[in-house]
Amino acid sequence: MTTLKQKTVLVVGGGSGLGLAVARLARDQGARVIVASRRAAERLDAAPGGGDLQALAFDIGAGQGAVQALFDTVGEIDHLVVAVRPAITPAPLAQVDEAEARRAFDIKFWGQYRLARAASERLRDGGSIVLTSGIAGERIYPGMSTMALINGATETLCRMLAVELAPLRVNAVSPGFLAPKPAKVEAAAQHFPLPRLGAVEEVAEVYLHLMRSGYATGTVSVVDGGARLL
């Protein structure tokens, strides 16, 4: 295991939720953490323990020019974490809003693709990229075709990049259902092998492990309380 002390970690989508939990943990382990999101400064100022994280405004859906500008500002880094989840309305295939689906692909899949491509030229030796897929890529849920396709594509991208960018390491985390969630989802979680919703801090620990583990690459770490097994 390597250390994150004095390493530079860029967390895209770190203004709230899972990304913010990753940013806090990395900071607590001695890393210099930069959080990039559309309202990074506003959200970090409002979040407990977020005010001392460096914030940069960045829209992951704004295209390659925005990505290039982000890395021109950040410079060289040791680790890139992308933890974004686009808004998507669950719907049967015949009722899917294609414009919304395309926007979701552009944010989560193409956004991660662009960031990984740019980061590959800015990562220091021993560096890593950690992407985010999700349980909809591990188990099929009715009405979740768009997210299932995005997550499946993200996991394929992870494996491809692990080969193409070696010896840089590329991994992904596939989170399950994290609190808070609607009562219907919380009730369903009572039937998981671990009968509850997950906490963002529990999943964030896996991102830290993948950054620090020098022999992990091309892996998709599922953290879902066993939900995919049912």
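**Helix packing, pockets and backbone details in a predicted model**

What you are looking at is a predicted model, in which local features need pLDDT of at least 70 and side-chain atom pairs count only at pLDDT 80 or more, whereas totals for chains, interfaces and linings use all residues. Residues are numbered from 1 along each chain as its sequence is written, and side-chain values use heavy atoms, with hydrogens and water left out.

Helices (H or I, at least four residues) and strands (E, at least two) are DSSP runs, numbered from the N terminus. Two packed helices are described by the angle between their axes and the distance between the axes. For H3, residues 64-74, and H4, the axes come within 10 Å and cross at roughly 40 degrees, the axes being lines fitted to C-alpha atoms, for helices over the stretch in contact, with angles that run from 0 to 180 degrees between N-to-C directions. H3 and H4 are therefore oblique to each other, given that angles under 35 degrees count as roughly parallel, over 145 as roughly antiparallel, 65 to 115 as roughly perpendicular and the rest as oblique. The crossing of H3 and H4 is right-handed; a crossing is called right-handed if the near helix is turned clockwise from the far one by less than a right angle, and left-handed if anticlockwise.

H4 also packs against H5, at an angle of about 10 degrees and with the axes 10 Å apart, and H4 and H5 are therefore roughly parallel to each other. Among the residues that make this contact are Phe-105, Phe-109 and Tyr-113 of H4 together with Met-147, Ile-150 and Leu-157 of H5, and by class the contact of H4 with H5 has 12 nonpolar residues, four polar and one charged.

How do the axes of H1 and H7 cross? The axes of H1 and H7, the latter residues 200-212, come within 8 Å and cross at roughly 55 degrees, which makes H1 oblique to H7. The crossing of H1 and H7 is right-handed, and the contact includes Leu-18, Val-22 and Leu-25 of H1 and Val-203, Tyr-207 and Leu-208 of H7. The residues of the contact of H1 with H7 comprise 11 nonpolar, one polar and two charged.

On a 1 Å grid over the protein atoms alone, a pocket is an open set of points with protein on both sides within 12 Å along at least five of seven lines, a cavity is a set where a 1.4 Å probe fits but cannot get out, and lining residues have an atom within 4 Å of a point. Grid points are joined across faces, edges and corners, and a volume is the space filled by probe spheres set on the points. Of the 49 residues that line the largest pocket, Val-84, Arg-85, Pro-86, Met-147 and Lys-181 are the closest to its centre. H1, strand E2, H4, H5 and H6 each supply at least two residues of that lining, which divides into 27 nonpolar, 13 polar and nine charged residues.

The second largest pocket, of about 160 Å³, is lined by 14 residues, with Gly-198, Glu-202, Val-223, Asp-224 and Gly-225 nearest its centre.

The structure holds one cavity of 30 Å³ or more, and the largest cavity has a volume of about 50 Å³. Its lining includes Ile-88, Val-96 and Met-147, and by class has six nonpolar, four polar and no charged residues.

Lastly, the backbone. The peptide bond from Ala-166 to Pro-167 is cis, with omega near 10 degrees, and Pro-167 is placed in the loop between H5 and strand E6. Another cis peptide bond joins Ala-179 and Pro-180, with omega about -5 degrees, and Pro-180 lies in the loop between E6 and H6.

Conventions. Nonpolar A, V, L, I, M, F, W, Y, C, P; charged D, E, K, R; others polar. Contact = heavy atoms within 4.5 Å.
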